[in-house]
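Keep the sequence and the 3D view open as you go, and try each task before you read on.

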Amino acid sequence: MSLVRTNLAILGLQWGDEGKGKVVDLLSPKFQQVVRFQGGNNAGHTVVVDGQSIALHQVPSGALHPGCFLVVGNGVVLNLDVFQQELDRLKARGFDLGGRLMLSDRAHLILPHHIALDLWREGGANKIGTTGRGIGPAYEMKAGRMGVRLGDLLHPETLADRIRPGYEEVRLRLGAEAASLPALEAVVDGLLRTAEPLLPYIGDTQSHLVTAWERGDRILFEGAQATLLDIDHGTYPFVTSSNCSLGGLFTGTGLPPKALDKILGIAKAYTTRVGSGPFPAEMHDATGERLRQVGKEFGTTTGRPRRCGWFDAPITAHACRTNGVDGLAIMKLDVLDGLDEVGLIVGYRTGEGTVTTKLPSCAADWKDLKPEVKLFKGWASTRGITRHGQLPDAAHAYLEALVESVEVPIAYLSTGPDRQEGCIYPGTFLEPLLA
Ligand code: IMP
């Protein structure tokens with residue numbers, strides 16, 4: 001298979017918000033199929049059209065490239081109201097997705113009582129800082145065999161019976177607060193109304209993708225969230241409810257592993273996390289604040305300030321191993337410009353005083369870990385650099401240490417928000433794709 005026909009997965013290696021949107025946007029014109037396979041409208045990315053930005057949460061990136069067919073796989077959970085609003089916003093800017101969009105009939109719906117349950121839990125002592133979009137309850141209903149799938153919308157006569165078991169369980173859990181839930185009939189009617197214009201897009205995405213693969217279409221798989229938020233491989237229980245790492249791609253599309261050729265892992269040149277949970281890199285000082293302000297580290301979906309710290313090599317190395325990453329895209333290097341010193345977390349000091357790079361499986365054990373930081377000389381500016389040979393020596397030294405610590409080479413380096421601001425590393429699998 002020629003490199004140019006590579007089917008590629010783009011996966012986040014930290015706690016999300018690594019800048020996957022920019023990379024997908026750069027790459028998607030080279031692909032015929034762009035696929036989302038997990039998550040829902042907890043994700044968020046912004047695409048810029050004629051200087052104006054459109055926020056997208058569920059529509060796959062690639063919407064702006066007329067040659068891309070967009071697929072929402074079975075592993076996704078969908079809020080149809082939000083999806084329709086995104087389609088409307090795109091249409092108003094001249095991007096009509098008619099004829100190039102398919103939603104899996106096996107994807108699950110996010111319903112009003114899922115959102116109510118998410119918010120109710122987040123109001124209590126055990127909150128984990130979710131996005132409040134009903135993601136957890138929608139996946140929970142899926143696993144509990146009480147989920148409602150897009151295909152069920154094609155059988156309106158049985159829809160109330162499909163929704164009822166989950167709805168009744170939520171009412172029980174909410175107790176007196178269930179009074180604010182819409183009546184079951186209102187949920188069904190609202191859903192049928194919203195779904196009506198979307199019915200023609202519902203289909204068998206697995207067959208669609210198998211056919212596209214056999215035909216030799218290039219397929220881009222767009223991950224949402226990231227490995228440290230993966231329900232199995234992340235910092236459980238402070239995670240999202242899907243498999244954001246590589247395994248989720250196969251269960252979330254129905255394609256076999258051999259349909260995938262390369263895996264590009266995306267990481268920022270530093271680390272951020274939004275929401276609660278283990279985050280040893282967190283800096284509560286002026287440097288942390290500087291990263292937040294310069295990097296504009298505020299959530300796309302909820303606007304919450306992100307927690308910021310130095311690049312955490314042990315967590316990123318864990319993500320590289322979990323996903324079998326072939327190459328790294330290191331984003332936002334320019335955010336570190338102008339600092340006297342730049343840190344790299346190479347391990348954690350335990351309560352007993354030893355240094356480890358092993359990640360605990362239990363949230364309680366993270367509390368004892370203190371980051372072991374290696375400091376590097378800072379540099380003046382990398383902003384807008386397009387060839388890695390032009391990088392300041394100090395930036396080179398930092399990136400070399402980063403690569404050594406995660407044991408994966410860099411394929412792409414982003415040096416600013418604009419499309420042109422970045423370097424494709426020569427000789428890597430990305431070079432023929434992005435040339
Ligand atoms: P949920 O996905 O809304 O259930 O939230 C669970 C955790 O995942 C929370 O810490 C959220 O802040 C985090 N999360 C979910 N989606 C994203 C994302 O796209 N970027 C960053 N964090 C996210």
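A polar contact is a pair of N or O atoms within 3.5 Å; within protein, one atom must be able to donate a hydrogen and the other to accept it, and residues adjacent in sequence count only if both atoms are side-chain atoms. The model is predicted, so local features need pLDDT of at least 70 and side-chain atom pairs count only at pLDDT 80 or more, while totals for chains, interfaces and linings use all residues. Residues are numbered from 1 along each chain as its sequence is written, and side-chain values use heavy atoms, with hydrogens and water left out.

**Exercise 1. Explore the surroundings of the ligand.**

Task: Find which residues surround the ligand and describe their contacts.

Step 1. A polar side-chain atom of Gln225 lies 3.2 Å from a nitrogen atom of the ligand. For Thr131, a polar side-chain atom is 2.6 Å from a ligand oxygen atom. Val274 takes part through its backbone: an N or O atom there lies 3.2 Å from an oxygen atom of the ligand.

Step 2. Look at the cover. On its own the ligand has 470 Å² of accessible area, and the protein covers 96% of it (Shrake-Rupley method with a 1.4 Å probe; for residues, only the protein chains shown count as cover).

Step 3. Count the shell. There are 15 residues around the ligand, and the closest are Asp17, Asn42, Thr131, Thr240 and Arg304 (a residue is near a molecule if one of its heavy atoms lies within 4 Å of it).

Step 4. Ask where the shell comes from. Domain 1 (3-105 + 204-434) and domain 2 (108-200) each supply at least three of its residues; the domain bounds come from an automatic or database domain assignment.

**Exercise 2. Describe the aromatic pairs.**

Task: Work out how many aromatic pairs there are, and describe two of them.

Step 1. Learn the rule. Rings of Phe, Tyr and Trp (its six-membered ring) pair if their centres lie within 6.5 Å; planes under 30 degrees apart count as stacked, over 60 as edge-to-face and the rest as tilted. By this rule the count comes to 4 aromatic pairs.

Step 2. Take Tyr348 and Trp366. Their centres are 6.0 Å apart with 65° between the planes, an edge-to-face pair. Tyr348 sits in strand β15 (residues 341-349) and Trp366 in helix α11 (residues 363-366), 18 residues apart. Helices (H or I, at least four residues) and strands (E, at least two) are DSSP runs, numbered from the N terminus.

Step 3. Check burial (buried means under 20% relative accessible area, exposed over 50%, partly exposed in between, with a 1.4 Å probe and protein chains only). Tyr348 has 0% relative accessibility, so it counts as buried. Trp366 is at 6%, so it is buried too.

Step 4. Take Trp379 and Tyr398. The ring centres lie 5.8 Å apart and the planes are at 40°, so this pair is tilted. Trp379 lies in the loop between β17 (370-377) and α12 (393-406) and Tyr398 in helix α12, so the pair ties together parts 19 residues apart in sequence.
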